[in-house]
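Here is a colleague's note to read with the model open. Take the points one at a time and find each residue as you go.

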Amino acid sequence: MRVLSITTMRNETPFILEWLAYHRLIGVTDFLIYSNDCDDGTDLMLEHLQTMGLVTHQPNPRSSKKTVQWKALGRARNHPLMKAADWIMVSDVDEFLCIHAGGGHINDLLSACPDAEGFAIDWRMFGNNGIVKFEDRPMIEQFTQAAPDVMLWPWRAVQFKSLYRASNRYERLGVHRPKLRKGENRWQNWVNGSGRSATQLLGTVVPSVAPRYELAQFNHYALGSIENFLVKADRGKPNRSDDPIDLPYWIDRNFNTQEDTRILRHAKAVEEQVALWKEDAELNKLHQAGVAWRHQRIQDLIQDTETFLTLTRIRQAGGSEALPVPEQKALFEHFMKLRRRLLAQQENGGSTSPPNNPPNS
């Protein structure tokens, strides 16, 4: 069985080896990685990993109004690895598919739901654990505090990413889920991270207060340390260039409510694999150069007054509070009413949608 992971990267060198080792360990067999406009050697590392037979790297420089992530997904649709894949997953380097079923491997998840055609697996937001400094240490070991099991607000807490069986029912790839072909109107045999039916998908969210993480979740390390976040904010989003990474972005994700260390069952094996790869002198050199670049970039960024003030405000803000579930439910329902009204306005010739509109991927 071949499982294909597709992703885009820019300036991610310190995190590539851990992410790659982890997903190879749980059963991903092929990696199709697009890089763009890298300053830290991400593209050079991916090229070297390709010579080692570990990934397939495709340069994807910014060259049009279309965002780099959507451009990459369009190109990936016709790649030979797509045709060879049995299962497909689109995810980012800060997202780790954490499987709780069985031994924590993709085969265990598929065995738990043998009739599933697709899994809409919820994000679980992991906060910064109060860590300020960027360190070259495994993400899964540094950041173990997460959002609570039940969340409806902020709305991004109920977004998901997909693992799905390759099929001609889908017209193209999407950031959160594939797009159905014309004439297909049901997400047949799709389930969520608890194995419950997810055939009625609402955009890119599954609004439910029922348990969602019983079989699997996507650990979303969207923030990292405060210093790391400054570099991410400077880079911007790969799929929405006009959607800023700023203090509201931080507040919507910095939940340190519950400890979740289940992914650490794989930590020793991941560290051993990374250490083995680093015996390759060139690969280790590229990794260390990327780490050095990030340290220097942090120092450069905090010389800017506004960036420095962002750092101090984040420090002052502390962890985000999870609101009572009834209040979360009311906020989510009101937000969706606003969304429906805005969509109706657009259909009737209205102008633009507001920021942070839930994307239909």
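1. Start with Asn-129, which is partly exposed, with a relative accessible area of 26%. The model is a predicted one. Asn-129 is found in the loop between β6 (118-125) and α6 (139-142). Look at its backbone too: phi of Asn-129 is near 55°, a positive value in a residue other than glycine. Why is that worth a note? Most residues other than glycine have a negative phi.

2. Now go to Asn-189. Its phi is also positive, about 60°, and Asn-189 is not a glycine. Asn-189 sits in a loop, the one between β10 (179-180) and β11 (190-192).

3. Next, check a peptide bond. Most peptide bonds are trans. The one that joins Trp-153 and Pro-154 is cis, with omega at about 0°. Where is Pro-154? Pro-154 lies in the loop between β7 (145-146) and β8 (160-165).

4. Gly-53 is another loop residue, placed between α2 (42-51) and β3 (56-59). Its relative accessible area is 60%, and exposed means over 50%, so Gly-53 is exposed. Gly-53 and Thr-8 are 45 residues apart along the chain, and their C-alpha atoms are separated by 18 Å.

5. Turn to strand β5 (residues 95-99). How many of its five residues are buried? Five of the five are, and the strand is mostly covered. Both faces are covered. Glu-95, Leu-97 and Ile-99 are buried on one side, and Phe-96 and Cys-98 on the other. The partner strand is β12 (residues 216-220). The two strands run antiparallel, and five bridges join them. One of the pairs to find is Glu-95 with His-220, its bridge partner in β12.

6. Cysteines come next. A disulfide is a covalent bond between the sulfur atoms of two cysteines. How many disulfides are counted in this model? The count comes to zero, with a pair of cysteine sulfur atoms within 2.5 Å as the rule. Cys-98 shows the point: it is in no disulfide, and the nearest cysteine sulfur, that of Cys-113, is 16 Å away. Cys-98 has 2% relative accessibility and counts as buried. Cys-38 is buried as well, with a relative accessible area of 18%.

7. Look at helix α3 (residues 68-76). Its buried residues are Val-68, Gln-69, Lys-71, Ala-72, Leu-73 and Ala-76. What do they pack against? Their partners are β1 (3-9), β2 (30-35), α4 (80-84) and β4 (87-90). Keep one rule in mind as you turn the helix. An α-helix has 3.6 residues a turn, so residues three or four places apart point the same way.

8. Phe-229 is in helix α7. Buried means under 20% relative accessible area; Phe-229 has 1%, so Phe-229 is buried. Which residues touch it, leaving aside neighbours within four places in sequence? Phe-229 is in contact with Leu-223, Ile-245, Asp-246, Tyr-249, Trp-250 and Ile-314. Compare sequence and space for another pair. Phe-229 and Asn-128 are 101 residues apart in sequence, and 9.4 Å apart in space, C-alpha to C-alpha.

9. Stay with helix α7 (residues 226-235), which packs with helix α10 (residues 281-301). Their axes are 9 Å apart, and the angle is about 80°. From α7, the contact uses Glu-227, Asn-228, Leu-230, Val-231 and Asp-234. From α10 come Trp-293, Arg-294, Arg-297, Ile-298 and Leu-301. By class, this contact of α7 with α10 has five nonpolar, one polar and four charged residues.

10. Finish with helix α1 (residues 13-26), which also meets α10. The axes of α1 and α10 come within 7 Å and cross at roughly 130°. The two helices are therefore oblique to each other. Thr-13, Pro-14, Phe-15 and Leu-17 of α1 meet Leu-283, Leu-286, His-287, Gly-290, Val-291 and Arg-294 of α10. How do the residues of this contact of α1 with α10 divide by class? There are six nonpolar, three polar and one charged.

Terms used:
Residues numbered from 1 in each chain as written. Predicted model: local features only at pLDDT ≥ 70, side-chain atom pairs only at ≥ 80, totals over all residues. Heavy atoms only, no water. Axes fitted to C-alpha atoms, helices over the stretch in contact; angles between N-to-C directions. Helix = DSSP H or I, 4+ residues; strand = E, 2+ residues; numbered from the N terminus. Contact = heavy atoms within 4.5 Å. Nonpolar A, V, L, I, M, F, W, Y, C, P; charged D, E, K, R; others polar. Buried < 20%, exposed > 50% of the residue type's maximum accessible area, 1.4 Å probe, protein only. Pairing = 2+ DSSP bridges. Parallel < 35°, antiparallel > 145°, perpendicular 65-115°, else oblique.
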